[in-house]
Amino acid sequence: MNFMKLRISLLSVLMIGCSILPFQKEESNNDLLLAALGILATASDWVWDLPPGFPVPNVPSDNPMTKAKVELGRHLFNEKVLSGDETMSCGSCHIQSLAFADGKDFPTGITNDAHPRNSQHLSNVAYLPRLTWSNPKMSSLEIQARAPMFGESPIELGLSSNAFLDKLKSKSIYKTLFANAYGNAETAVNEQNVRFAIASFQRSMISGNSKYDQYAFRNNKSALNASEIRGLNLFNGEVAECFHCHGGFNFTDTSFHGGAQEEFFYHSNGIHDDVYYAGVPSNKRGLYDLTGIASDTGKFRAPSLRNIGVTYPYMHDGSFMCDDANNPNITMGKTKTDCARDALTKVVDHYRSGGQNHSGKDATLIRAFTITNSQRDDMVNFLLTLTDDEFLTNPKFASPF
């Protein structure tokens, strides 16, 4: 049975049902019709428009991708009703022009209390089997959404109940969007569907049209200049060996997609020593905070380097930032690239020094290596080619408000 015949059959059944249930209100009949269309939509109208070289992401079977769900999620991602005092949304700490990071050492929620780690960018988050910096329990976007929405330590969006659902129901736009995504808007506006729609929108955030992608996957060998190519070779070579933690199409050793085995790792990269970790609060010690295992102190997930030119400050606590960090124009124009170049230079210098002495550091991955300052600059130039300007401005990821 083709799509149109299925549509006609379902609508015919519903119309017959309406005729034999005269006590139903007209709006209930309309809800049934919308439900039918919603069922058809979730049968899946989603087509992955993936860049060359990108595998199909894994999607949970209980939350299939649909256009209507992604569009609903785009609205909810930017909806301030999803915070306790209606002053913040997911988009407050995940800004498109910064690849959905926020440019701060630590974000603050509605109570203005600082988060213990900085906001990760969301480029290609669909491929990550573990989310956040150091919590292996955060295994899906659907689960992770609860933390910013309802978490109490730290407070981010600061929701304490499901009262926000009534606020969503009071807005006519959500009656339409929920009906399109799930069917009956009255019953579809629930906490799970909110999280699932946001997760669907986040999975749609595919970034793969940087200068590097043009060079590596689109056969445009003029996309990178000589310095950038030298930096690429150093990055993937046996001297710097950056690719061990930042390899593959998504430049991280944490990945999960169709046909691949789930992989995720946590590392101490020597940005702090044992004395530092002994003196910080228990929510700043990395994987140790979850496991209680001493050797897990200072271990964090290696983030994707996609769009690294706009995701400073770097590391889980913003350890590396440009010297001009207080410039009010730091996120605009040429200054943005200059800031990234300055901060990335510090990052490469950190790694070539071998980092600080730390008992949890993996000495096979984090060890001193010798390159010239010119070679360091080549590597920085290469890293800057991983920024996808199209992703940063694509209207399908932009706030609808």
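A helix is a DSSP run of type H or I with at least four residues, and helices are numbered from the N terminus. The structure described here is a predicted model.

## Overall organisation

The chain has 16 helices and 2 strands. Of its 401 residues, 50% count as buried. Among contacts in the chain with a separation of 6 or more, 67% are made by residues 24 or more positions apart.

## Nonpolar cores

The largest nonpolar core contains 39 residues, and the members that touch the most others are Leu-76, Phe-164, Leu-168, Phe-178 and Val-194. Six helices each supply at least two residues of this core: H3 (67-77), H6 (164-169), H7 (172-182), H8 (185-188), H9 (191-203) and H16 (389-393). Phe-164 illustrates the packing. Leaving aside residues up to four places away in sequence, Phe-164 touches Val-81, Leu-82, Met-149, Phe-150, Leu-159, Glu-191 and Val-194. Another core, of 38 residues, lies apart from the largest one, and its members include Ala-240, Ile-308, Leu-344 and Phe-369.

Helix H3 is mostly covered, with 9 of its 11 residues buried. These buried residues are Ala-68, Lys-69, Val-70, Leu-72, Gly-73, Arg-74, His-75, Leu-76 and Phe-77. The elements that cover them include H6, H7 and H9.

## Aromatic rings and charges

A pair of aromatic rings is described by the distance of the centres and the angle of the planes. The whole structure holds 20 aromatic pairs. In the pair of Trp-46 and Trp-48, the ring centres are 5.7 Å apart and the planes stand at 85 degrees, so the arrangement is edge-to-face. Tyr-212 and Phe-217 also form an aromatic pair, with 6.1 Å from centre to centre and 85 degrees between the planes, and this pair is edge-to-face. Elsewhere, ring pairs link Phe-77, Phe-100, Phe-201, Phe-391 and Phe-397 into a cluster.

The charged end of Arg-130 sits over the ring of Phe-264, at 4.1 Å from the ring centre. Lys-284 lies over the face of Phe-106, with 4.2 Å to the centre of that ring.

| Residue | Relative accessible area | Class |
|---|---|---|
| Trp-46 | 23% | partly exposed |
| Tyr-212 | 11% | buried |
| Phe-217 | 28% | partly exposed |
| Arg-376 | 13% | buried |

Phe-217, at 28%, is between the limits of 20% and 50%, so Phe-217 counts as partly exposed.

## The surroundings of Arg-376

Arg-376 lies in helix H15, which spans residues 373-384. Its relative accessible area of 13% is under 20%, so this arginine counts as buried. Not counting residues up to four places away in sequence, Arg-376 touches Thr-345, Val-348, Asp-349, Arg-352 and Ile-371. Arg-376 and Gly-231 are 145 residues apart in sequence, yet their C-alpha atoms are 7.7 Å apart in space.

## Pocket and cavities

The largest pocket holds about 860 Å³ of space. It is lined by 44 residues, and those closest to its centre are His-115, Thr-132, Gln-144, Pro-148 and Glu-156. Helix H4 (141-144), helix H5 (146-150), H9 and helix H13 (288-291) each supply at least two residues of this lining. The largest share comes from H5, with 3 residues.

The largest cavity holds about 770 Å³ of space. Of the 42 residues that line the largest cavity, His-246, Pro-303, Leu-305, Met-315 and Tyr-351 lie nearest its centre. Strand S2 (300-301), helix H14 (333-353) and H15 each supply at least two lining residues. H14 gives the largest share of the lining of the largest cavity, 4 residues.

How values were computed:
Residues numbered from 1 in each chain as written. Predicted model: local features only at pLDDT ≥ 70, side-chain atom pairs only at ≥ 80, totals over all residues. Heavy atoms only, no water. Phe/Tyr/Trp six-rings, centres within 6.5 Å; stacked < 30°, edge-to-face > 60°. Buried < 20%, exposed > 50% of the residue type's maximum accessible area, 1.4 Å probe, protein only. Lys NZ or Arg CZ within 6 Å of the ring centre and 35° of its normal. Core = buried A, V, L, I, M, F, W, Y, C linked by side-chain atoms within 4.5 Å. Contact = heavy atoms within 4.5 Å. 1 Å grid on protein atoms, 1.4 Å probe; cavity = no way out; pocket = protein on both sides within 12 Å on 5 of 7 lines; lining within 4 Å. Points joined across faces, edges and corners; volume = space filled by probe spheres on them.
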